[in-house]
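Below is a short briefing on the inside of a protein. Look at the sequence and the 3D view first, then read the points by topic.

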Amino acid sequence: MATEFQRRKVAVVFEAMDADGNGYLDESDFEALTERWVGLRGWAPGTADHDRMRSIMMGWWSAISTMSGAEHDDKVSLDELMNVVDQLPEMQDAVHATADAMFDAIDENGDDRIALTEHKQVVYAWKGSDEGIEEVFPQLDINGDGHLSRAEFRDLWTAFWSGDDPDSPSQWVFGRY
């Protein structure tokens with residue numbers, strides 16, 4: 001069962017993803033998240049990047065709605081999302097695959113690393129604000145080389161979604177909360 005710390009950090013992402021503010025995630029929220037992403041990048045409908053991002057986001061919606069045990073037709077509450085979080089430690093391959101897909105989407109220039117400016121974009125796409133990212137990025141950049149490698153990002157992403165250590169830098173993947 002997820003701890004209060006896990007719930008608190010996931011709740012921030014949940015609230016940001018709940019585009020219409022109705023207290024549930026539904027398919028339209030993931031469509032809105034897709035549109036925020038592709039809008040930041042200028043990816044037009046029908047382009048490979050647009051279609052790939054939409055596929056990633058809608059795949060997440062499908063997985064979350066299936067795994068959550070949702071009691072509401074086509075809606076997932078925060079409690080139900082926490083049911084998914086509880087399952088993630090046994091699904092490391094899927095969590096890593098999600099992290100890799102996110103890494104590819106974030107790495108705008110394709111140099112196989114995420115710089116501060118790219119990380120600011122992802123946080124803005126998810127939360128609608130990139131406030132405080134300059135302060136937390138150095139905490140994410142554990143080796144201090146100025147960027148996140150694929151392996152670093154995968155570890156941070158995995159620890160955010162399935163970890164329970166309030167001292168872990170992973171808690172800042174989506175910025176301050």
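What volume does the largest cavity have? The largest cavity has a volume of about 30 Å³. This is a predicted model, in which local features need pLDDT of at least 70 and side-chain atom pairs count only at pLDDT 80 or more, while totals for chains, interfaces and linings use all residues. Residues are numbered from 1 along each chain as its sequence is written, and side-chain values use heavy atoms, with hydrogens and water left out.

**The cavity**

- On a 1 Å grid over the protein atoms alone, a cavity is a set of points where a 1.4 Å probe fits but cannot get out, and lining residues have an atom within 4 Å of a point.
- Grid points are joined across faces, edges and corners, and a volume is the space filled by probe spheres set on the points.
- By this rule the count comes to one cavity of 30 Å³ or more.
- The residues lining the largest cavity are Ile106, His119, Val122, Val123, Trp126, Phe153, Trp157, Val173 and Phe174.
- Two or more of the lining residues come from each of helix H6 (116-127) and H8; helices are DSSP runs (H or I, at least four residues), numbered from the N terminus.
- H6 gives the largest share of this lining, four residues.
- The lining has eight nonpolar, one polar and no charged residues; Ala, Val, Leu, Ile, Met, Phe, Trp, Tyr, Cys and Pro count as nonpolar, Asp, Glu, Lys and Arg as charged, and the others, Gly among them, as polar.

**The pocket**

- A pocket is an open set of points with protein on both sides within 12 Å along at least five of seven lines.
- The largest pocket has a volume of about 340 Å³.
- Its lining holds 17 residues, and Trp60, Ile64, Val84, Leu88 and Thr98 lie nearest its centre.
- Helix H3 (48-67), helix H4 (78-87), helix H5 (92-106) and helix H8 (150-162) each give two or more residues to the lining of the largest pocket.
- H3 gives the most to this lining, with four residues.
- The lining of the largest pocket has 16 nonpolar, one polar and no charged residues.

**Helix H8 and the segment after it**

- The 13 residues of H8 should span 18 Å at 1.5 Å a residue, and its end C-alpha atoms are 18 Å apart, which agrees; the expected span is 1.5 Å times one less than the number of residues.
- Buried residues of H8 include Phe153, Trp157 and Phe160, where buried means under 20% relative accessible area (1.4 Å probe, protein chains only).
- Ser170 is found in the segment after H8 and is buried, with a relative accessible area of 2%.
- Leaving aside neighbours within four places in sequence, Ser170 is in contact (heavy atoms within 4.5 Å) with Leu156, Ala159 and Phe160.

**Aromatic pairs**

- The structure holds 12 aromatic pairs; rings of Phe, Tyr and Trp (its six-membered ring) pair if their centres lie within 6.5 Å, and planes under 30 degrees apart count as stacked, over 60 as edge-to-face and the rest as tilted.
- Phe103 and Phe153 form a tilted pair, 6.1 Å centre to centre with 55° between the planes.
- Phe103 lies in helix H5 and Phe153 in helix H8, so this pair ties together parts that are 50 residues apart in sequence.
- Phe160 and Phe174 form an edge-to-face pair, 4.9 Å centre to centre with 65° between the planes, and both are buried.

Note on methods:
Buried means under 20% relative accessible area, exposed over 50%, partly exposed in between (1.4 Å probe, protein chains only).
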